[in-house]
Amino acid sequence: MKSQATMICCLMLFLAIECSHYRSKIHIKDGDKLQHPEGKLKTGRIQEKCRGPCIPASNCSQPCAQPFHGEIGFTCHQNKWQKSTETCTSLSVETLFKQDFNSASRLPLAASSIPVHVLDFRAPEPVESVAQGIRRNCPIDYACILDVVKSSEATSGNIAFIVELLRNISTDLSDNVTQDKMKSYSEVANHILDTAAISNWAFIPDKNTSSDLLQSVNLFARQLRLHNESENLVDELFIQAKGLRINHNTSEEKFNFSASMNSTTEGILGMIEIPRQELWNLPPNASQAISIAFPTLGTILKEVHLQNVSLPRPVNGLILSVILPEGLKQVLFTFEKINKSRSARAQCVGWHSRKRRWDENACETTLEIMNRVKCLCNYTNMVMSFSILMSPKSIDNKVLDYITCIGLSISIFSLILCLIVEAAVWSRVVMTEVSYIRHVCIVNIAVSLLIANVWFIINSNFHKKAQDSNWCVALTFFSHFFYLSLFFWMFFQALLIIYGILVVFHRMMKSRMMAIGFAVGYGCPLVIAGTTVAVTVPEKGYMRPDACWLNWDSTKALLAFAVPALVIVAVNLVVVLVVAVNTQRPSIGSSKSQDLAIIMRISKNVAILTPLLGLTWGFGVATLLEGTSLIFHIIFALLNAFQGFFILLFGTIMDHKIRDALKMRMSSLKGRSRAAENASLSPTNGSKLMNR
């Protein structure tokens, strides 16, 4: 009877516990966190207002709305309260393992058949740390914390708690890391690397949180032991990991990644290569290499350090981490750019975990072609993660801007003066067919360059908001057309020079040469520019997204200008060489003075023809290559911004026929003024005035 009474009491106690448990599950207080059917937590549960007057530079704080605990900090900026920090969290060590505690405190109905001395109704011992809770509840795969973490709202406070959770796991539970543990660990990290959580990283008070996350993941992955030759360890949306076994006899190994910034965009590529010569440094016994790819962590690092002058440039590719054995020092990385704009130049960098910043000395850029960048980086225990940064607009660019602005102003003034001089002496310098065609070329070169420069200035000051309008299409078309006209008129002038050298006894009619000149000078550019518009505008790939100029990234419309220009420059260079050779004409027994005169004549011809035939644009090829010295950019800007001045100097002022015509023009004007003055002072005119 006594044992039966004891059994009944135990069952009554068990039923009381069960009823209490289910009653607590049904009862939800106002302000408690609600869940969607899918298990995702509703947002908008956080207090977003700060009461009181907003005084500039003042601060205040508000407690978080239930069920979160913590506070939100606000700063008064531009007469408005703006959130600056947030520590709202719903997670704690207790909530992580609460479900398991409740399961432990409840017994199945079959407990009635269990002997009384086996039943233990004592409350479970409190968990003092994450490591203790995981060892007690899920030491094999850490699965007991996944549901609680993945169902939590990604507030700034919860993000900071999860990062601390991962850091504790990587330091206290890294003695026997398996692939299952690595997957669970990565699922937790993936939750706070989601694009929906990125904006909340900026409000975490500790600005080193993202660096702690990166270092914790790398540290945990370092303890993983591979069992197969090659393994795909993790394949989450915002974190991927791969591993392979290597030794000194292994051929060159590669890791290939394709990770998306979100679930809708295409993957950004990244590749890690271990050079063959590095593998030779490994010991004979097998080693392993592990690589991890983060598509969104670069954005989080930028957000955290937004006000830090040491990080003025955003990350423009995947962040790739590598865990290598000792002996491997250098690794090759290939990054695809996220921002594929032509102006988005790349800087290869490595993340220094101790300094908590990007280290430019850790890598060098070996190749930058189109949208991909290749980096050679030095791997150390302090620098295990690598990426590319967007180069900022530096002071060097401002120097080039100043040169361009001043040079274009002088060039426009020089071209206007050139046209005025040509108009003033036209009748005196076009006495022959050859001189007539030559000056027609100079005038059209000056007109084309003048209009092209004017369009360039208009393009540079065109409002960015209107770049999608038809005005931007018109600006791009006319700039393209007149710059091409400049090159094709220079090309026609080069053809005339060759024609004059090679064909001595036959001369073409002036009207036919004029027809050919205008067909080449304006007809060919019109066909090329019109075809470019017709092909690329329907695809919305005619213009660059950041300027009213030909697109390069998507449709390569810029080739419609670059290819004709570079071909013409190459042909004109050959013409200049032919002129230089033809000018030499050595004679038997020539003296040193005659040789010097020949050299001076060749130099003069080359100096005159270089700006007139556009050879200065050849420096543009050097500026397109990555790693080109700044001096080439400055030379290119100087020569082409001042091209109008050079045309005035070498094409007009240094022409002795034009100088003679100008002298005759000036003397005739002086003669007319003196004659008019003498006529006004003659006695005949004086008597007429008296009679009047």
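Start by selecting residues 516-537: the end C-alpha atoms lie 30 Å apart, and the span is 95% helix and 0% strand. Helices here are DSSP runs of H or I with at least four residues, strands are E runs of at least two, and both are numbered from the N terminus. Before moving on, note that this is a predicted model, where local features need pLDDT of at least 70, side-chain atom pairs count only at pLDDT 80 or more, and totals for chains, interfaces and linings use all residues. Residues are numbered from 1 along each chain as its sequence is written, and side-chain values use heavy atoms, with hydrogens and water left out.

Next, pick 557-581, which is 92% helix and 0% strand, with end C-alpha atoms 38 Å apart. The unreviewed UniProt entry lists both spans as "transmembrane region", among them also 399-424 and 631-654; such annotations may be inferred rather than shown by experiment.

Helix α11 (residues 395-429) supplies the largest share, three residues.

On to the salt bridges, meaning a Lys or Arg side-chain nitrogen within 4 Å of an Asp or Glu carboxyl oxygen. The count is seven. Select glutamate 368 and lysine 337, whose closest N and O atoms are 2.5 Å apart. Glutamate 368 sits in strand β13 (residues 363-369) and lysine 337 in the loop between β10 (330-336) and β11 (346-352), so the pair ties together parts 31 residues apart in sequence. Is lysine 337 buried or exposed? Lysine 337 counts as buried, at 3% relative accessibility; the cut-offs are under 20% for buried, over 50% for exposed and partly exposed in between (1.4 Å probe, protein chains only). Glutamate 368 is buried too, at 13%.

Then jump to arginine 438 and aspartate 655, which meet in a salt bridge at 3.0 Å, N to O. Arginine 438 is in helix α12 (residues 433-460) and aspartate 655 in the loop between α19 (643-653) and α20 (656-681), so this pair ties together parts 217 residues apart in sequence.

Last stop: strands β4 (residues 230-235) and β5 (residues 240-246), antiparallel over five bridges, where pairing takes at least two DSSP bridges. A hairpin joins them through four residues.
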